[in-house]
Amino acid sequence: KMTQQMRDLQLAQARKPPGPSSPNAAKRLYRNLSGKFRVNYTSFDEGSLVGRGEKEKLRKSYLFQSNAALFEAVELQDLDRVQEMLKHYSPEELDLNTPNSEGLLPLDIAIMTNNAPIARALLQAGAKESPHFVSLESRSLHLSTLVREAEQRVNELMAQVVNEAPNADCSEKEKQLKAWEWRFRLYKRMKAGFEHARVPDAPSSVHLSVASSSSLQVTFWEPLSVNSAVVTKYKVEWSCSPSFSPLLGEAVIDKLKELHFTIHGLVSGTAYHVRVSAYNMKGWGPPQASMPPFAIPSNWREYDGRAPRRRGQAEALDHLLGQVKTIHQHCICHEPCKNQPQSRKHSVSKSLKHLFHPGSKFLKTLKRGLYLTAIFYKDDNILVTHEDQIPVVEIDDTYSCLLMQDFLWLTKVSCMWDEILWLRQCVTVSQSSCSCILQTRFKMLLAISQMQGLLGIQDLGQVFFEPIKDKQGNILIVTLKEVKTNQTFESVRWVPICKLQSSRKSVSSPEEPSALDMLLISIQDKLAYHQRSSHALSPGLYLGYLKLCSAVDQIRVLVPEQLPNILCHVKIRSNPNISREEWEWLQKMASMEEPVPTETEADRSQNPLFQELQVAIKELMTLVNIPLQEAKDFRLYSQEVLDFGDQVSFLLLLPPSDDVCTAPGQNNPYTPRSGFLTLPLQIFELGEEK
């Protein structure tokens, strides 16, 4: 018998003993899992048990209990308990894809009882069907055998209960009889589910898009019919012929968390047809052709053969910096650098500490001048000095106003924290010119070196986009850095931010707070800005809005507060690639002097980008508070697609030429809603590069 063969196979492999035979026992098992068994298993990791043999024995016992409980939860159709177990335990801990003594997996039971919610939950967790069911006949024979053996066992127990006098053994047999009657009904329900099932319908929709010059992306959706059994896998096929003869390739997708697949290794410029079919326990259903019916792998750069804008830029800058260092390495100002040890990380910090007078230390109060503060934070804690002060050093006590160009220069220096000593020594030579700008920048470098030396840390993080100014003439430049790991430092220590804010005694009035008080009041906002400025966009194609405003000494760019390192934007689609055909259409639209006429439904289906752009433009106009009728005067930037790596790309929406940059004193009739800020263009560029 097939069932007996499977049982023998399981015993030979010593996979595991059969599970509990009654639903009541099962309920007790998986109710206890969240308490007793879970606590015991945690204690293994804490080393409370001695002896590896005992640990392994208890671990196997735990795995057996959790696996048996999962089987019973599926059999009892307890969706909540199944979801809870899948959430708290890994597939390995649940032994998700190991057949039980009847040759069944949890997914087999779910699909043959036609319990779609539980089956989908198991599929999401990586469950598979039993490999023993190699054909429809083998599955049917196996189910018939299970039903027949269960019925035979029920009849045997019933006869024993009827013929025996009431005693303890009889009571035990009555319990076994109830358990086998329940299992007999389960197997009959599984057999009926299998017999009434039919092959699945075709996927309800298949969308084909161009992912790159050598790949296509296929996205598909489940069949609409609910009368067939649960779909457990899909098959994607592709060919250069609409008849799919010959077939160039196929792929079976059994991980159904996301219903999409990327076909790689295709030939650019060649048309490919794609279709998708679904599978359930009755076999493969009919295929569904993609929409559009074919696609050609390509990229917008093939339109005019241009190379990526950033190709080789980082290497060129490194080479240029190396040349500058080579030219300056023989300067007398660099003689002290030649004798430095090779252990850069420790030696630089050590040498920096000896550059200053032993009395150099952090400041407690500010006088009229320019200062630098470094904020290091981890979770809700911040680094402070032993006097519970934020680390502050003086840049210049005679500097009453900060020129924007000096500040922007410092933000660029923040990309070279490791080179501060070298930069400071280079600027020293130029001091003979008595340039006020050079002297100020030299003092900035000196203050940075002092901060690095006192902290013993070179990387001071990111410069906040605007300094803090108070009415007493103090200007405070702020750097921010998040510490990911637990570190200890010599001259500073960690304290909770709330404790620092509540314990600090202000030396200024509420009407005219000092720069340090203003920093403490707004520190949470600054930390939030710093965290948000390092967030990355999810893969996709975006529509960005470019809006600038100019002042006397700077140009600022409009950005969202939630993602200040990116322009105001909305997502067009998840596929970041613009194909050559789509780019040709955009070029055609850009060359038209008249507004684009309304396209028919047929045109839209042939050009999905048109509809995607319409939706994105409406959403973007609402986001930045611009009436939709004004969008007719806007235009798409048609010179290039802005690529940020391989997974994120941007199309730019530009206002009319006269409105791209608002001049000083010029009123902007459309003010964006809350949730936006303007950054200096150079600050934005640095954030975007990071």
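Two strands pair if DSSP finds at least two bridges between them. Strands (E, at least two residues) and helices (H or I, at least four) are DSSP runs, numbered from the N terminus. This is a predicted model: local features need pLDDT of at least 70, side-chain atom pairs count only at pLDDT 80 or more, and totals for chains, interfaces and linings use all residues. Residues are numbered from 1 along each chain as its sequence is written, and side-chain values use heavy atoms, without hydrogens and water.

**Exercise 1.** State the strand order of the open four-stranded sheet, then find its edges.

*Solution.* The order is β23-β17-β18-β24, with mixed pairing. The edges are β23 (661-662) and β24 (676-680), as each pairs on one side only. Now take β17 (residues 548-550). It pairs with β23 in the parallel sense over two bridges. Leu548 stands opposite Cys661 in β23.

**Exercise 2.** Work out why helix α13 (residues 404-413) counts as largely enclosed.

*Solution.* Apply the cut-off: buried means under 20% relative accessible area (1.4 Å probe, protein chains only). Met404, Asp406, Phe407, Leu408, Leu410, Thr411 and Val413 are buried. That is seven of the ten residues, so the rest of the structure largely encloses α13.

**Exercise 3.** Describe how α19 (residues 580-591) meets α21 (residues 608-623).

*Solution.* Start with the axes, lines fitted to C-alpha atoms over the stretch in contact. They come within 10 Å and cross at roughly 60°. Next, list the contact (heavy atoms within 4.5 Å). α19 gives Glu582, Trp585 and Leu586; α21 gives Leu609, Phe610 and Leu613.

How values were computed: Buried < 20%, exposed > 50% of the residue type's maximum accessible area, 1.4 Å probe, protein only. Axes fitted to C-alpha atoms, helices over the stretch in contact; angles between N-to-C directions.
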